[in-house]
Amino acid sequence: MTMRSPLPEIRLSRRAKLSVSVIGTVIVLLILATSSVGVYTDWLWFGEVGYRDIFASIIGTRILLFLVFGLVVSLAIAANIVVAYILRPPFRPMSLEQQNLERYRIVVEPRKKLIVGAIFGLALISAGSSAQVHWQTWMLWRNGGSFGVKDAQFGKDVSFFAFDYPFYRLLLGFGFSAVIFSAIAAVAVHYLFGAVRLQTAGPKITVAARRHLTVLLLVFLLLKAAAYWLDRYGIVFSERSKFTGASYTDVNAALPAKTGLFFIALLIAGAVLASIWLRSSVLPAIALAGLMVVSLLANGLIPVLMQQFSVTPNANDKEAKYISRNIAATREAYGIVDADDGGSVNYVPYAGVATQSAADLPKDTATVSNIRILDPNVVSPAFTFQQQIQNFYGFTSPLDVDRYTTNGVTSDYVVGVRELDVDNFADNQNNWISKHTVYTHGYGMVAAQASSTIANKGDFAESNIPPTGFLGITQPRVYYGELMPDYSIVGAAGARENDGDKQTFSYDGDGGVSLSSLVNRLAFAVKYREASFVLNDAVSGGSKIIFDRDPRERAQKIAPFLTFDTDPYPVVSNGRIVWMLDAYTTMSNYPYAEHKALDDITTDSLSRDTGTQKDETINYIRNSVKVTVDAYDGTVNLYEWDESDPMLKAWMKSFPDLIKDKSEMPSELREHVRYPQDLFKVQRSLLELYHIDSPRDFYSETNKWTVPNDPASTTSVDQPPYYLLAAPADGSSTEPAYQLTSPMKVNSRPNLAAYISVISDNGPNYGKMTVLELPTDTQAQGPEQVYQKFNSEPVITQDISLFTSASAKVIHGNLLTLPVGGSFLYVEPLYLQSTKADSFPVLQRVLVLFKDKIGYGTTLAQALLNLTQDRVGQDIDTGSIVTPIDPDVQGGGTTGPTPTPSATTPAPTGTGSTGSTTIDGVLTQLSAAANRLQQAYQSGDLAAIGQAQADLKRLSDQYLSLRVQQTAAPTPTPTSS
């Protein structure tokens, strides 16, 4: 009897078959062309930046892994299918089951080569695609070297866990996949062709099929034995206890269990091998079931019982040894080793009790004279309002802080690049030609001294188009930045690019990919789905396309194995604007080191603006590379920074020409190297608990610290660290140092527990971290308490209520914590911003707290002086004009302290004059300016507020100069009406 195929028969004419073939071929070619366009444009891009060999190396490695792993797995599966087919029985007993299967055999038999080929191809693509993403694991295994540190449990070098262990795990994973899918395929073929009979009377499996499947089971057991042996080393990453690493239970229960399971698996494998010559399948089945039961007991039940009934009740004692291992490994892996142990973290006891009076604060020229009043997280709109120049320019928010030395004096500056911002384009500027061929670049960099107010354009130290200021910018054009459009067409014949203020320009830099080739234009037309690349005359001979313009994305594309800091910052070097970035080597396989989610521990109140880190778990990090990206031509340079990092050495061996020696970094760039924010966030997060030495205290979390919440944020989120120019926290010098700082609070209370500061100046002290530890019973107020104290003061709350209206809002600036005079000085600027469009925040008040006393004024100098007076905001209340204590402190732009009369000294008056200006005349003008300022506050006119503040500052400086020169007898200080 002829069996009918279960599939319907479809007959096509020769013409129909040809049409289907042509259509299918065209579709496949289109898919391949579209997917290959990205590879081709990347090939062009890497050629532009000069790192095509890096791209070729990565692509070559991925292809190699694709082929090797894909072929091994697919060949294993295909070979077992072929073996199963060869071992099919020549005769099959007649049964209903076999009759039903015969219909499918009729379909399969004439197409068996096609089916095996399809399965082979599917397995090749699936396994190869899965393997090629592990190219970093492969490269580290091939090129990794020694760490020079041995783990505490097995005595193996850390490199085994960092480089070898992940690769062995990868091999085992693909080995198991090959065996399991081979077994599934073999069982299916044996069943289809009658070697396995589930519903047929008699033997259920032929001897040949049983031996075939037994061999596969043997290979599976050998792989399982290898997995058990490798699992022994995996206990150093255990999360069973409150810490990462092998715990008491892991060492005393899990480790012996895994060792025992290794030998049991080998014994069972031997028994299975012997069963090949037996005629029964019972022994292999019993052996496999026995291994599963023993594994469940040894890996699961026994460790759980030991942990629950033996370890947990006595954890302080039993876990002490293993906690000590975790503390030591975590400190080493995250770079927070104590200075006493050869590390960079210096713990300094700090009483937190003031040893000087508030009147002496201005004498601290290293810290108080450099207090930053400008909040870079707030004043970006002010930069835009004062220095945008053209509507299509803009500044990032937040801005950046950097330091520059002029005339031998180092000051910190708030800086921003005037970038092209597509969000600011007018409607008539949003067409393709304008967006991509006319408005192509930003222009210049703007800087303001951090102690200034930027109420007027003249307050900027670097500004305008063309650039004017102290930075000496000779190439102000910015084609690469954080706000740029996805691509621009530049360098076309004829100057068509808008250049600054009503000028035109044609790009002549080295950046960009040539569009002179039709193939290139077609490729980019497909990439961006834009026909204008082919049809528009703007894409003419000599034009180039600039794309991948964000500095971080640009660097990440070149070195995808590095993790980059979320905040690139601009500097000026040799007359050019250059973006600087910090790059990290990370891993999650450092034995005993605590695992942390990188995105969680680096998230703070600014992350919504600066972006978040990768969603990955790490337990090792080093700031091993500094990166620069030229803002004009996009040149990317990577410099080795941590010369002792084994991870970086492995990558440098993998890509010998990628990372330059540290000594090759230009000296101008070295001056602007800083300690990276994300690394500092990671380290302060670890120091919450890992400053504790005692395993007992660690386990019970006695004296744990936490990062305080940002008091100005409406959600519970960490306060960001701040860059400051101040005296070193450890008191090692009276000269100011650029540093990154963060207060820490007691875990269960808002009181201050510690203050962390790390030196960011390039030099021998770079990376030196100081932790000021307050007594455990401290009552020192933390940032959240200080913020509440400010907002509970009647004078301040009254002003805030006065400022706040339907047309204006109050903005709290960054609350700075500064160790001064044995205690802490808190400083917070208060801004007022109109709710109207295109408004910007204007500094209105400065709040300070020292020795639990609040100072409140319109300037920092006035707020510091108020600390010595009877009432909060005394001079604001009475309307008197306060002369600056120190022009440097107030932010007048001078360098070094200038002696001034104290607030309690009567102000001289009389006929002393300079030129035709008398003290009496200046006082009259001061009184009028004060009245104008009060009227401006009441009206909410921000422009009038800014002008009145500028007048007050100018007249105050003039009045001070006259007082120093005059010699008349003193009289009481006049006050404004």
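In this predicted model, Lys 768 and Asp 730 form a salt bridge, with their closest N and O atoms 3.2 Å apart. The pair links distant parts of the chain, 38 residues apart. Lys 768 lies in the loop between strand S27 (752-759) and strand S28 (769-773). Asp 730 lies in the loop between strand S25 (722-726) and strand S26 (737-746). Lys 768 counts as partly exposed because its relative accessible area is 29%.

The structure holds 25 salt bridges. Another of them joins Asp 42 to Lys 557, where the closest N and O atoms are 2.7 Å apart. Asp 42 belongs to helix H1 (residues 14-49) and Lys 557 to helix H16 (residues 551-558), so this pair ties together parts 515 residues apart in sequence. Lys 557 has 22% relative accessibility and is therefore partly exposed. A network of salt bridges links Asp 42, Asp 548 and Lys 557. Asp 402 and Arg 403 also meet through their side chains in a salt bridge (3.2 Å, N to O). Both Asp 402 and Arg 403 are buried.

Strands S11, S15 and S14 form an open sheet in that order, with antiparallel pairing. Strand S11 (487-490) and strand S14 (513-514) are the edges; each has a single partner strand, so one side of each lacks a neighbour in the sheet. Helix H14 (residues 518-528) packs on this sheet and touches S11, S14 and S15. The direction of H14 makes about 35° with that of S15. S11 pairs with S15 (residues 544-547) over 4 bridges. Within this pairing, Ser 488 stands opposite Ile 546.

A hairpin is built from S17 and S18. Strand S17 (residues 569-573) is mostly covered, with 5 of its 5 residues buried. Tyr 569, Val 571 and Ser 573 point one way from S17, while Pro 570 and Val 572 point the other way. S17 pairs with strand S18 (residues 576-587) in the antiparallel sense over 5 bridges. Tyr 569 stands opposite Met 580 in S18. The hairpin has 2 residues between its strands, and Asn 574 takes a positive phi near 55°.

In helix H5 (residues 135-143), the buried residues are Trp 135, Trp 138, Met 139, Leu 140 and Asn 143. Their cover includes helices H2 (52-86), H4 (112-132), H6 (158-192) and H19 (646-654). On the surface, Val 293, Leu 297, Leu 301, Ile 302, Leu 305 and Phe 309 form a nonpolar patch. Together they have about 580 Å² of accessible area. Leu 301 is found in helix H9 (residues 282-311). This leucine counts as partly exposed because its relative accessibility is 43%.

Conventions
Residues numbered from 1 in each chain as written. Predicted model: local features only at pLDDT ≥ 70, side-chain atom pairs only at ≥ 80, totals over all residues. Heavy atoms only, no water. Pairing = 2+ DSSP bridges. Contact = heavy atoms within 4.5 Å. Axes fitted to C-alpha atoms, helices over the stretch in contact; angles between N-to-C directions. Patch = residues over 30% accessible without salt bridge, like charges linked within 9 Å, V, L, I, M, F, W, Y side chains within 5 Å. Areas by Shrake-Rupley, 256 points an atom, 1.4 Å probe, with all protein chains shown as cover. Salt bridge = Lys/Arg side-chain N within 4 Å of Asp/Glu carboxyl O. Buried < 20%, exposed > 50% of the residue type's maximum accessible area, 1.4 Å probe, protein only.
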